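Please read the following walk through the model with the coordinates open beside it.

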Amino acid sequence: MIQFEKVALRYETGPEILHDLNFTLEPGSFHFLTGPSGAGKSTMLKLLYLGLRPTGGKIMMFGQDLHGLTRETILPLRRQIGVVFQDFRLLDHLSVFDNVALPLRIVGREEKELKSNVNELLKWVGLGDHVKSRPPTLSGGQKQRVAIARAIISRPRLLLADEPTGNLDDAIGMRLLHLFDELNRMGTTIVVATHNEGLVQEFGHPQLHLGQGSVSVIAGSKKAA
Amino acid sequence: MTKAKNNKKRAPKRYDLPLHRGSGGHLVSWTIGVMSYLTVLVMVLVFALTSAQSVWQAGLSGRMTIEIPYNKSNMVSADKQNDLVRELNKLSGVSARILSLEDIGALVGPWLGTGAALAELPLPVMIDITRADNNRAATPALIGETAKKTIPTAVLDTHEEWLADLMQLAKACRMVLIAISLILGFTAALTVAATSRTRLALHKEEVDLLHLIGATDSYIATQFQRQAFRLAIEGAAGGLFAALLTMAGIGMAKQGLGDTLLPGIHLSPLQWLWLVLTPLIAGVIAMVASRFTVLYALRKVP
Ligand SMILES: Nc1ncnc2c1ncn2[C@@H]1O[C@H](COP(=O)(O)OP(=O)(O)OP(=O)(O)O)[C@@H](O)[C@H]1O
Ligand SMILES: [Mg+2]
């Protein structure tokens, strides 16, 4: 599904932040992305959600070499990727409903059909009472769930989340990861960047561990979830 | 049901980018408003000029004057004059008559005053000739020849040179006015383009997000263009309204003058339609300007 071969990245003329990344993510897999702060977790996710092009090496995604992509051909790929950003990046002037509906509207889905989808999902993430609220009036955890709903509304094949438990207390963090597990069981490939050692141990998914700019894959201790 | 209705009503107002917030919206409306105001007035001038032109054309084409210069030592007798008028009237489609002192008085009145003792002035004899529009046989050359045969000193004035000059002038004025309105439209487009660029930069984060979610450039440009359209229409409607008020004001001031000096401005329904359409045209210009600016700027984003 995703293959990194000798991938390297530097920002502009800065030092090489990631180098010689080699790994493969199988369809339907669930990985934690770990490593100390500043190791490049967010950067790595940017590569995965096509927000950055590698400065070296080769990335294959959904069977396509990212190297040859143009502004137009990149869109169908982006539409199969859901992202929960570290800082959520919700649109403050839009209601919760409109934020979540955005990915569907972008692909021109009918308002009628989209409405029930969005409402259903918002209920599922426990925001049924906040459909019309604006993000600035929500708590950190609520915003996070809006961001998650937006990321999964169009049933992406790949779900990326950057520190999704950062603002949450452990109980809600656990619930969130159970939610991800559920999506994973329905076939979504998932990568979650996190600092939370406890959660990593608890869920036991394999890790992509970043250190000194390169990646090592740590096998999971998967117990029955 | 009411809920669905509400949603429908609200939907067009939703922008996926926070474009309604400040950042130059009023500037666009005001600029477009002022430009539309000027453009509407310029258009009215063009229409007025066009109708004046056709009035002049209708009044002067096919009309000629034969002038028999005043010559104290060699006066042309009244019989001779009448002979000439008879000869001229024989030409098909031509009607000629000698202008009486009263007629001439009416013509020169504005310059000399109505009290002038015309009989004592050395005035030429004038023969007014009207030629039916569809008559091609009685050419000015033929009329001139006929006149010379009877009275060798007679001079034919077809007014055509003068009319041609006037038409040329009117045409030039019209061109200038049309150029002015084009420049106004172009400036409006530039303003919208500049504002769109600023706003695109201002909302870079949101635009980036839309891209990451998979929005096409066209989708993003549509957000900008919809708003530019609305701002421009609002501004231009204000401009049109102000221009109509101005015209009404001029019309009222003019009533005191009577219709002699200025031909009245009577707009045809089509011309009214053009005026009323200015806001829409302004909206479309703004929409296109904004769309292409945004598309062009986005193309440069890697
Ligand atoms: N836009 C950028 N331009 C230049 N350097 C950057 C940029 N973004 C990140 N970096 C640098 O890249 C390195 C990795 O940053 P990154 O945000 O990927 O780390 P991280 O692992 O996500 O850290 P954290 O756990 O604190 O979120 C850092 O040294 C950072 O300074
Ligand atoms: Mg980070």
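Across the interface of chain A and chain B there is 1 salt bridge by the rule applied to this predicted model. Its partners are Arg71(A) and Asp217(B), whose side chains meet with an N to O distance of 2.6 Å. That distance falls inside the 4 Å cut-off for a salt bridge.

Polar contacts between chain A and chain B number 7 residue pairs, counting pairs in which both residues have pLDDT 80 or more. On the side of chain A that touches chain B, two elements give two or more residues: helix 2 (74-78) and helix 3 (96-106) of chain A. Helix 3 of chain A provides the largest share, 5 residues. By residue class, this side of chain A divides into 9 nonpolar, 2 polar and 10 charged residues.

How many residues are in contact on each side? In chain A there are 21, and they touch 26 residues of chain B. Together the two chains bury about 2000 Å² between them, and 60% of this area is on carbon and sulfur atoms. Of the area that chain A buries against chain B, 34% is supplied by Arg71(A), His93(A) and Ile106(A), more than by any other three residues.

Ser42(A) belongs to helix 1 (residues 41-48) of chain A, while Gln86(A) sits in the loop between strand 6 (81-84) and helix 3 of chain A, so the pair ties together parts that are 44 residues apart in sequence.

The last stop is in chain B, where Gln227(B) is placed in helix 8 (residues 217-255). With a relative accessible area of 6%, which is under 20%, Gln227(B) is buried. What does the side chain of Gln227(B) contact? It is joined to the side chain of Arg199(B) by a polar contact of 2.4 Å.

Technical notes:
Residues are numbered from 1 along each chain as its sequence is written. Chains are lettered from A and ligands numbered from 1 in the order in which they are written. This is a predicted model: local features need pLDDT of at least 70, side-chain atom pairs count only at pLDDT 80 or more; totals for chains, interfaces and linings use all residues. Side-chain values use heavy atoms; hydrogens and water are left out. Contact means heavy atoms within 4.5 Å. Buried area is the accessible area (1.4 Å probe) that two parts lose on being put together, summed over both. A polar contact is a pair of N or O atoms within 3.5 Å; within protein, one must be able to donate a hydrogen and the other to accept it, and residues adjacent in sequence count only if both atoms are side-chain atoms. Helices (H or I, at least four residues) and strands (E, at least two) are DSSP runs, numbered from the N terminus. Ala, Val, Leu, Ile, Met, Phe, Trp, Tyr, Cys and Pro count as nonpolar, Asp, Glu, Lys and Arg as charged, and the others, Gly among them, as polar. Buried means under 20% relative accessible area, exposed over 50%, partly exposed in between (1.4 Å probe, protein chains only).
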